[in-house]
Amino acid sequence: MNQQIAWITLILHGFCLGSCLQVPLRKYYYVNQFMTWPKAQQFCREHYTDLATFESMDDINRLKPNISYSWAWIGLWDDPNAWKTAMGNEPNSWRWSATGETSKTGYQSWGTGEPNFKNPGETCTFMANDGYWYDSNCESGVKFICYNVTENNVKQYVLISTLATWSSAQSYCRSHHTDLAMIENKAENSEVKQLIPTGFFVWIGLYRVPWSWSDKSPSLFRRWGPSEPDNGGIQHCVCKNTAHLFGDERCDDVKVFICEQVVKTSTTVKMTMTSDVDLTDPAVNAQVLQQLGALLTNQGWTDFKVQWKIVSKKNKEN
Ligand SMILES: [Ca+2]
Ligand SMILES: [Ca+2]
């Protein structure tokens, strides 16, 4: 068999996460037009990729000074539609401690005007002895309700009369029972309600993680300014000042804003491989391409295509 040389062309495009990408993932653009946050989001999505996301101080340091105005919208917000009017299914929606997931039944028993995120610590939930729920500061010390799941998949609720923060209550319930109370229907809500002593509140297992990025980035980078976010239950959108510190503000305020263009890279790599096996054999061909694919995936490449051309040694020499 003739020795063959494979000319392999790797076409790599799309996102390359991790060390293989030397160029920044995002380019930022100030837009000096005054708009509400939703209008700014729409503008950025039409003209660029989205409102700006920041993942680190490297991103912040690539911002040019904000020339004219002190505050500019960025892509961070706490969409109230995802948690205020429904249990939601977004990153900032309500979740049950036992599953870490959003509600499957959508059952809720919020008190009047709740949840209201009245202060930025109100991301945990307690139930009053009237059976209604209130989003409340997770650091408050209150009694709590754990539950056990029986063999028949029935929830049995247990009142713990010690005062604890929400996370301490969660730890206790996970050590001694199944978890903090999970309530998925009216019957279960009534069972928990029966256990609450008159005049008391109890933690249940409902919590949420506020603030998410418009472009769905999972970035946890936050750079709140002094005493921000201060919210007051009405500030659901985020802007940044000339020192690049974040503040929450009403979404219907008008401000200049920062868009991002997500940089897509396209790289073509050519390499030569010689082999004594028959590279025209489809099985060999597929195996080599699969191994190359695995190698690239291990290196952090995503969204790539591998193509090749084969020339015989004789042709190459010619
Ligand atoms: Ca509240
Ligand atoms: Ca504020």
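Predicted model: local features only at pLDDT ≥ 70, side-chain atom pairs only at ≥ 80, totals over all residues.
Residues are numbered from 1 along each chain as its sequence is written, and chains are lettered from A and ligands numbered from 1 in the order in which they are written. Local features need pLDDT of at least 70, side-chain atom pairs count only at pLDDT 80 or more, totals for chains, interfaces and linings use all residues, and side-chain values use heavy atoms, with hydrogens and water left out.

The calcium ion (ligand 2) is held by E228 (OE), E228 (OE), D230 (OD), Q235 (OE1), D248 (O) and D248 (OD), at 2.2 to 3.0 Å. Donors are N, O and S atoms within 2.8 Å of the metal (3.2 Å for Na, K and Ca); water is not among the atoms, so sites may look incomplete. Along the chain, the donors follow the spacing E-x1-D-x4-Q-x12-D. E228 lies in the loop between strand 13 (212-213) and strand 14 (237-240), and D248 in strand 15 (residues 246-249), so the pair ties together parts that are 20 residues apart in sequence. Helices (H or I, at least four residues) and strands (E, at least two) are DSSP runs, numbered from the N terminus. The angles among the 6 donor atoms run from 46 to 165°, and the site is irregular. Six donors count as octahedral if opposite donors are over 155 degrees apart and all others between 65 and 115; four count as square planar by these limits, or as tetrahedral if all angles lie between 85 and 135 degrees; anything else is irregular. E228 is partly exposed at 22% relative accessibility. D248 is buried at 2%. Buried means under 20% relative accessible area, exposed over 50%, and partly exposed in between (1.4 Å probe, protein chains only).

Most residues other than glycine have a negative phi, and most peptide bonds are trans. The bond from E228 to P229 is cis, with omega about -5°. P229 sits in the loop between strand 13 and strand 14. Another cis bond runs from E114 to P115, with omega near -5°. P115 belongs to the loop between strand 6 (101-102) and strand 7 (122-128). N153 is not a glycine, yet has a positive phi of about 65°. This residue is in the loop between strand 9 (142-149) and strand 10 (155-164). N153 is exposed, at 63%. H244 has a positive phi of about 60° and is not a glycine either. H244 lies in the loop between strand 14 and strand 15. H244 is buried, at 12%.

The model has 22 aromatic pairs. Rings of Phe, Tyr and Trp (its six-membered ring) pair if their centres lie within 6.5 Å; planes under 30 degrees apart count as stacked, over 60 as edge-to-face and the rest as tilted. The centres of W37 and W77 are 4.4 Å apart and the planes at 20°, so this pair is stacked. W37 is in helix 1 (residues 37-47) and W77 in strand 4, 40 residues apart. Both W37 and W77 are buried. The centres of Y107 and W133 are 5.9 Å apart and the planes at 80°, so this pair is edge-to-face. Y107 and W133 are buried as well. One aromatic cluster is formed by Y28, F54, W83, F117, W211, W213, F221, W224 and F246.
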